[in-house]
Amino acid sequence: MADKRVYGKWMPETMERALKEYREGKIRLNKIEVKYKIPKKTFLRHYRGEVGRGFSRNCNLSINGRDTALPSAAEKELEGVILEFESALMGLTRNEVRRLAFQILESNPHLKNPFNKDKQMAGTKWYYSFMKRHPHLSLRQSEKVSIARVQGFNRKNVGNFFDSLEKIVDDNKLTPWRIFNIDESGFSTVQKNSSKIIGQKRKDRIGQFARGENMTVVCCCSASGQFIPPMIIFQRMRNCIDLKTGAPDGSIVEVSESGNINSDLFIKWL
């Protein structure tokens, strides 16, 4: 089996010297391949100005292949858009990035668009090459986050909460077994994985907005570790005894139209 061909063995400085000598008539085309180890076709492409990548970047190695479909400035801007959407919890999926790349070329008629006009998106080869050129981007599994939680969870609100909690504990001289925390969490009875989006590499968590869930569990425990049986709320109009199957002992199983807790159910839980 023949050895795999190695590309790019010549250096940019070598190409510059070969071009200079050839233009000055000091060397013939056949001698260039022997002296500088540059293939004839490669040299002729550079001589005719058909290659514009080898000397445009600050590197010591030659850059082979065609120019990228998107100019470097456009790719840099696309990278910024991807990170901006991810930071706003509206991360772009792989196909959305491919469609966006296609739309960028379509909106700039002076740029050649090599992508599929029927699918109206960039190819998978372009996507993987784009990710390699931007190594701090990665395809991540997003976590569903409700818009209410995003709006409520900020430094000011969290600081006010703990200031109030500290005052209440001090004023009432509360002990750990008298301090209880109640929380409700939404779940889906039909689990569906969230889509993968592109975001910052090595970031701990990637979030994405999600629609309301259709089941709620109300849990409560004390600072000393004492748990109270939960309340489980299903999204339906009529209660059914089968809903209690498998629930922890002492659990309260209720229903509501939205699947969320309301004032009447909260009083019943108390």
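# Helix packing and salt bridges in a predicted model

Glu 254 is buried, at a relative accessible area of 13%, where buried means under 20% relative accessible area, exposed over 50% and partly exposed in between, computed with a 1.4 Å probe on protein chains only. The model is a predicted one, in which local features need pLDDT of at least 70 and side-chain atom pairs count only at pLDDT 80 or more, while totals for chains, interfaces and linings use all residues. Residues are numbered from 1 along each chain as its sequence is written, and side-chain values use heavy atoms, with hydrogens and water left out.

Glu 254 forms a salt bridge with Lys 268, and the closest N and O atoms are 2.4 Å apart. A salt bridge here is a side-chain nitrogen of Lys or Arg within 4 Å of a carboxyl oxygen of Asp or Glu. Glu 254 belongs to strand β8 (residues 252–256) and Lys 268 to helix α9 (residues 263–269), so the pair ties together parts that are 14 residues apart in sequence. Helices (H or I, at least four residues) and strands (E, at least two) are DSSP runs, numbered from the N terminus. Whereas Glu 254 is buried, Lys 268 counts as partly exposed, at 49% relative accessibility.

The structure holds 6 salt bridges. Side chains of opposite charge can pair when their charged atoms come close. One of the bridges joins the side chains of Glu 24 and Lys 26, at 3.1 Å from N to O. Glu 24 is partly exposed, with a relative accessible area of 43%, and Lys 26 is exposed, at 62%. Another bridge joins Asp 171 and Lys 167, at 2.9 Å from N to O. Both of these residues lie in helix α8 (residues 155–172), 4 residues apart, about one turn of the helix. An α-helix has 3.6 residues a turn, so residues three or four places apart point the same way. Lys 167 counts as exposed because its relative accessibility is 54%.

Helix α8 has 18 residues and reaches 26 Å from its first C-alpha to its last, close to the expected 26 Å at 1.5 Å a residue; the expected span is 1.5 Å times one less than the number of residues. Just after α8, Lys 173 takes a positive phi of about 50°.

Not counting residues up to four places away in sequence, Phe 85 touches Met 90, Gly 91 and Leu 92, contact being heavy atoms within 4.5 Å. Phe 85 and Ile 198 are 113 residues apart in sequence, with 9.4 Å between their C-alpha atoms. Just after α4, Leu 89 takes a positive phi of about 65°.

Two packed helices are described by the angle between their axes and the distance between the axes. Axes are lines fitted to C-alpha atoms, for helices over the stretch in contact, and angles run from 0 to 180 degrees between N-to-C directions. Helices α5 and α6 pack at about 100°, with their axes 10 Å apart. That makes α5 roughly perpendicular to α6, since angles of 65 to 115 degrees count as roughly perpendicular, under 35 as roughly parallel, over 145 as roughly antiparallel and the rest as oblique. Arg 94, Val 97, Arg 98 and Ala 101 of α5 make the contact with Thr 124, Trp 126, Tyr 127 and Tyr 128 of α6.

Helix α1 (residues 12–23) packs with α3 at an angle of about 75°, and their axes are 11 Å apart. These two helices are therefore also roughly perpendicular to each other. The contact is made by Met 15, Ala 18, Leu 19, Tyr 22 and Arg 23 of α1 and by Thr 42, Phe 43, His 46 and Tyr 47 of α3. Thr 42, in helix α3 (residues 40–47), is buried, with a relative accessible area of 14%. Leaving aside its neighbours within four places in sequence, Thr 42 is in contact with Trp 10 and Met 15.

Across the protein chain, the secondary structure comes to 9 helices and 8 strands. Buried residues make up 29% of the 270 residues.
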